Amino acid sequence: MDTDQGPSTSKSSFELPWVEKYRPTRVRDIVGNVEAVSRLQIIAEEGNMPNIILAGPPGTGKTTSIQCVARELLGPHYKDAVLELNASDDRGIDVVRTKIKNFAQQRVSLPPGRHKIVVLDEADSMTGGAQQALRRTMEVHSATTRFALACNTSSKIIEPIQSRCAVVRYARLADAEVLARLLHVAAAEGVAHTPDGLEAVVFVADGDMRGALNALQATARGPGLVDQAGVFRVCDQPHPVLVRSMLQHCLAARIDEAYVGMKALCDSGYSAQDIITILFRVVRGYAGINEFLKLEYIKQIGFCHMRIADGVGSRLQLSGLLAELCKLSQKSTGQNGTRKATGPEQEQGGSKLRDQLYFNFIGFPFPLGPVLRRKTIRREVTPGVMWTFEQAQTFAGFRTSTNIRMTVIKLLSGVLWVHAPIAPTAECIRLMRELGFPVGYIVLTTYAYEHKVFVGPFSRKFPRAKVYVPPRTWSFPLNLPLQALGIFPSGILTTDDPGAHGLKGFGLLPADVPWAGEIQQKVLQASLGAAPYVEVSFFHKPTRTLLVTDAVVSIPAQPPAVGHVSEDTVSSSELLFQASSNFYVRTLVGPQRAAEPLPDVPLRPRELTPAAAQLGWRRAVLLVLYFRPGDLRDPRASFGALAERLIVGPVLRVLVFPAISAAARDWVGAMCGEWDFRRVIPAHFDAPVRAGPADLRAAFQFLWDGPEGAVEAVERPALGWAGLLRRLRPGGVNGPAPVEYDARDMQALRSLHAFLVRLRVLRPPDGGLGV
């Protein structure tokens, strides 16, 4: 976008306001309102300008638009042939009879087909008499002069003037459009800022570009760092976090706590008008409330706003509003705090169950479920930026369940980036839409069918989203193209020359993807023998989060019922079954040993006590990880070696990574050396996991160890300065200890590995690496 001046080199108090400094000079550079701007662009190109009225909220570009049109039409004659007046100051009939009439009568030499232009800003502030006089002037001087009126409300312009003008309507700018402009100005001015700081500016502006630039400049020239606290301090608006806290107390029907929050805002000097305006905006975008209750809240806020605008006692009205909101919350919950069905839900009865229905019955080497019903749990990982969505994943024949996770990130552009989609149930899609942002990108991260099978159906729910996939995806027993699975990619993620793999035109390097400024990627692809292994890892820079799919997991020490993993991902009946002396225990350890009870848990428990839940959870995890663990009767030692740390799943540790150790070392080394992440979000089990490069390297230590544990002469991954500093913490110079897998647990997987190598399905381990 063209600017009037370059970036400033001084923080002088006399510098030009950024609103003027970065005001566009060409129509095509105007931000937002694409349809309105395109109409003006045609006028600027063809030169046939009518009288026009530009109507819309303040700060949306009305005055700038007409100035740009005038510049393109008149060129060097702009100064002599344009009269600009602010009708809120020059609003009387005398102004029309003197300034405007004299300008219209003035002779100016212009190119053929061009007219003088009178720009009246805030024309809806003109008196009725002035508008009647203006109507007459427009008629008399129509051959030489055109009139452009900018106003907030076109209905305040008298009908005779409206009938003589083309009306162009402007809407508030989208958050993404404001944010993009803020990023441009911040970069040009060298403004230090944080992502939440710019989001705060966008929130304060509420679609007003002028307000956004003024807030950015005031914060940059005041506190210096444009962060969330600084923006709200400079702009002097009630902080949305405080209003959100007040709203959460209302949702929990805690009137006393809600009143304390409201009183604190009033005592800070904020008017009732300010508080209720921010409260409405917070409620409108709040994701943790069902739609029916949200509508009732907004209705009560509207009534209260009307009374406050009429001048009724403000604090008393706000107190009454909080009481009404708490009453609504009590009606929608039972005495024990569980939510009752209200409104449409009450009428539909089993709608919640229907929202969780999703039929899926495929899989190799054994089917994965659930077959019919999948509950979706949404969690906010980083407020307003990152969320996880989890569903249950069952293993047919084992009576065990774990979870499968989708991660959603809101990019600075205002669109959602979806990592590893899950089943698009009606409930899942509703929870996605409640976030209030459009889905821009959907990313398939691996070839594994439990992730790939949902990408097509999920993308059909968001047809405008673009789908990106890793290279060399495959399926078994039929290697079907992605299009046969309903997946139509817009690009293929890669880290080397796309042309080398036949991806020319589709392959995207890390710098080429639309999210390159915020999310980095690294692709692992290597041949296992009969087929490749493919997985893409991502690093979200603003939150310093590493996203992986199957490469690593973290097993929570406690079963889900105690608050880990996800609600309803492991049922009580499954835990009770695994805690008993069941078929699997008797088969794997023998009937005689299986008949020996463990402390605090009978052989056939009738109720799920904490000890029984713990035992059932440990056995279920070992079955999922090893298929045939060494001691399923007493899993304490095996489970303890793996729990509460970042590990490579035993299946991948034995069957996959030994065959591709060189490529895996490069992949892990690049992640550890280039990304200073502080947490990891895998697609299964616990998340987010507090872990850094040293923890990831420890999980993959076996890639650098020989069959007897001797370190091979290969280059270790660099950890960067942050990683080196973390290694100086208590725990030794070498950082976290490598994961030690129990040899008895690994025996069945090693036998399977040897069998698959003999069949040439898998390659032998690289460089003598042990399995």
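Visitor: How many strands form the open sheet that has mixed pairing, and in what order?
Guide: This is a predicted model, so keep that in mind throughout. The open sheet has 5 strands, in the order 15-16-17-20-21, and the pairing is mixed.

Visitor: What does mixed refer to?
Guide: Strands of a sheet pair through backbone hydrogen bonds, either parallel or antiparallel.

Visitor: Which strands stand at the edges?
Guide: Strand 15 (519-527) and strand 21 (689-690) do. Each has a single partner strand, so one side of each is left without a neighbour in the sheet.

Visitor: In which sense do strand 16 and strand 17 pair?
Guide: Strand 16 (residues 532-540) pairs with strand 17 (residues 545-547) in the antiparallel sense, over 3 bridges.

Visitor: Which residues have a positive phi, then, Asn33 for one? What is its value?
Guide: Phi of Asn33 is near 45°. Asn33 lies in the loop between helix 1 (18-21) and helix 2 (34-46). Phi of Ala420 is also positive, near 55°, and Ala420 sits in the loop between strand 10 (416-419) and helix 19 (426-433).

Visitor: Is Ala420 buried or exposed?
Guide: Ala420 counts as buried, at 1% relative accessibility. Asn33 is buried as well, with a relative accessible area of 14%. Buried means under 20%.

Visitor: New topic. Which residues touch the most other members of the largest nonpolar core?
Guide: They are Tyr533, Val552, Val648, Phe657, Val668, Leu696 and Phe700, in a core of 59 residues. Helix 25 (residues 610-626) gives the most to this core, with 7 residues.

Visitor: Where does that core lie?
Guide: Domain 4 (372-553) and domain 5 (557-643) both give residues to the core, so the core lies between them.

Visitor: Pick one of those residues. What does Val552 touch?
Guide: Leaving aside residues up to four places away in sequence, Val552 touches Leu646, Ile647, Val648, Val680, Pro682, Leu696, Ala699 and Phe700.

Visitor: And the second core, how many residues has it?
Guide: The second, separate core has 29 residues, including Tyr270, Ala272, Cys304 and Ile308.

Visitor: Now helices. At what angle do helix 12 and helix 16 pack?
Guide: Helix 12 (residues 240-251) and helix 16 (residues 314-331) pack at about 45°, with their axes 7 Å apart. The two helices are therefore oblique to each other. Met246, Cys250 and Leu251 in helix 12 meet Leu322, Leu325, Cys326 and Ser329 in helix 16.

Visitor: Which residues of helix 11 are buried?
Guide: In helix 11 (residues 228-235), Gly230, Val231 and Phe232 are buried. The buried residues of helix 11 pack against helix 9 (195-205), helix 10 (209-221) and helix 12.

Visitor: One more residue. Where is Thr137 found?
Guide: Thr137 is in helix 6 (residues 128-140). Thr137 is buried, with a relative accessible area of 8%. Not counting residues up to four places away in sequence, Thr137 touches Val96, Ile100 and Phe147.

Visitor: Back to strands. How does strand 12 run against strand 11?
Guide: Strand 11 (residues 439-443) and strand 12 (residues 466-469) run parallel, joined by 3 bridges. Tyr441 has Lys466 of strand 12 as its bridge partner. Strand 12 also runs parallel to strand 13 (residues 491-493), with 2 bridges.

Visitor: Last one: how many helices and strands are there in the protein?
Guide: The protein has 31 helices and 21 strands. Of its 771 residues, 52% are buried.

Terms used:
Residues are numbered from 1 along each chain as its sequence is written. This is a predicted model: local features need pLDDT of at least 70, side-chain atom pairs count only at pLDDT 80 or more; totals for chains, interfaces and linings use all residues. Side-chain values use heavy atoms; hydrogens and water are left out. Two strands pair if DSSP finds at least two bridges between them. Helices (H or I, at least four residues) and strands (E, at least two) are DSSP runs, numbered from the N terminus. A nonpolar core is a set of buried Ala, Val, Leu, Ile, Met, Phe, Trp, Tyr and Cys residues joined through side-chain atoms within 4.5 Å. Buried means under 20% relative accessible area, exposed over 50%, partly exposed in between (1.4 Å probe, protein chains only). Domain bounds come from an automatic or database domain assignment. Contact means heavy atoms within 4.5 Å. Axes are lines fitted to C-alpha atoms, for helices over the stretch in contact, and angles run from 0 to 180 degrees between N-to-C directions. Angles under 35 degrees count as roughly parallel, over 145 as roughly antiparallel, 65 to 115 as roughly perpendicular and the rest as oblique.
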